[in-house]
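Dear colleague,

I am passing on a structure that you have not worked with before, and I would be glad if you could look it over beside the notes that follow.

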Amino acid sequence: MKITKIEVQKKHPGRYSLYVDEAFWLGINERVLLKFALFKGQSLDQALMDQITAYEVESKLYQKALNYLSFRMRSKQEMTTYLKKQAKVLDLPHQACDHLLTQLESEGLLNDQVFAQMYLDDAQHLNAKGPKLIEQDLRQKGVQAEIINHVLENYSEDQALANAHTLLDKYLRTKSKLSLQAAKDKAYQHLYQKGFTRDTIKRLLAEFDFQAYLEDQDKVLAHQANKLLAKYQRKAQGYDLKQKLYLALRRKGFDNDRINDWLAQTPIFENE
């Protein structure tokens, strides 16, 4: 058997059609062509044809890996999980995944140290994530703790404060009707969920100008109190109603004096 024609596939750049004894035999990737140094007129036996066929299937797995990497860099664990799924579809043994992982590492396409640093750069500069959240993300992606700790050294406290401030500014723009205390409590919880350390959050909140985001607190209290009054009036009255209102407003973070002032000025409680 001989290769009688090698033809470039017009619709698939980088792929070739092999013709053996004037009949189409197999479509192959350029890697396969170079691996076996195939040429027109070359003689083929069944053993060599089997090797070419097997390597072509493995090359498809390699191309899938490159495509997976084209969107963003991947951790070794992410790539391993992906390749195992693809190898199953292509009916390849798990050894093919191990071999390809080693090849990707040798080509510099798979490196958890580089991946972790790139992930950190994007997370802190583009997404304003806190260091604890970044650490959690990298752990879930299978990056070793030693590597995570090393790259997180590049996340400065100044950057953490700046990111936390950016997130808090955005968050509070929709919370103008909160009490001051409720705003502080929710701000703390929000930033903690975004991965910032307790120390960073406390430093920021200590100097943050909450009043610039909140409406006049007497007006806010009156708004909240009137809503609660309409709700509780259906089932309570007199002292019980007053106590329910007082406790509900305290839970919303309003201070004792401001609540008592509102209650004293509300006609329904004049005789209480």
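Which residues of the largest nonpolar core touch the most other members? They are Ile 134, Leu 138, Leu 168, Leu 172, Leu 191, Phe 196 and Phe 210, out of the 35 residues in that core. A nonpolar core here is a set of buried Ala, Val, Leu, Ile, Met, Phe, Trp, Tyr and Cys residues joined through side-chain atoms within 4.5 Å, and buried means under 20% relative accessible area, exposed over 50% and partly exposed in between, with a 1.4 Å probe and protein chains only. At least two residues of this core come from each of helix H5 (112-125), helix H6 (131-140), helix H7 (145-152), helix H8 (157-172), helix H9 (180-193) and helix H10 (198-207), and H8 gives the most, with seven residues. Leu 191 is in contact with Ala 164, Leu 167, Leu 168, Phe 196, Ile 201 and Leu 204, leaving aside its neighbours within four places in sequence, where contact means heavy atoms within 4.5 Å. Another core, of 17 residues, lies apart from the largest one, and Leu 221, Leu 228, Leu 229 and Ala 248 are among its members.

Before going further, please note that this is a predicted model, in which local features need pLDDT of at least 70 and side-chain atom pairs count only at pLDDT 80 or more, while totals for chains, interfaces and linings use all residues. Residues are numbered from 1 along each chain as its sequence is written, and side-chain values use heavy atoms, with hydrogens and water left out.

As for the whole protein, its secondary structure comes to 13 helices and three strands, which are DSSP runs numbered from the N terminus (helices H or I of at least four residues, strands E of at least two). The protein is more spread out than a compact globule, because its radius of gyration is 33 Å, well over the 19 Å that the globule rule gives for 272 residues; the radius is taken over C-alpha atoms, and the rule is 2.2 Å times the number of residues to the power 0.38. Along the principal axes, the C-alpha atoms fill a box of roughly 110 × 45 × 30 Å. Buried residues make up 42% of the 272 residues, and of the contacts with a separation of 6 or more, 59% are between residues 24 or more positions apart.

Leu 100, in helix H4, counts as buried at 4% relative accessibility and touches Leu 61, Tyr 62, Ala 65 and Leu 83, not counting residues up to four places away in sequence. The C-alpha atoms of Leu 100 and Leu 172, 72 residues apart along the chain, are separated by 49 Å. Leu 69, in helix H2 (residues 46-71), is also buried, at 16% relative accessibility, and with the same exclusion of residues up to four places away it touches Arg 74, Met 79 and Leu 109.

Finally, two loop residues other than glycine have a positive phi. Ala 37, with a phi of about 50°, is found in the loop between helix H1 (30-35) and H2 and counts as partly exposed at 48% relative accessibility. Asp 91, with a phi near 60°, has its place in the loop between helix H3 (76-89) and helix H4 (94-106), and is exposed, with a relative accessible area of 69%.

With best wishes
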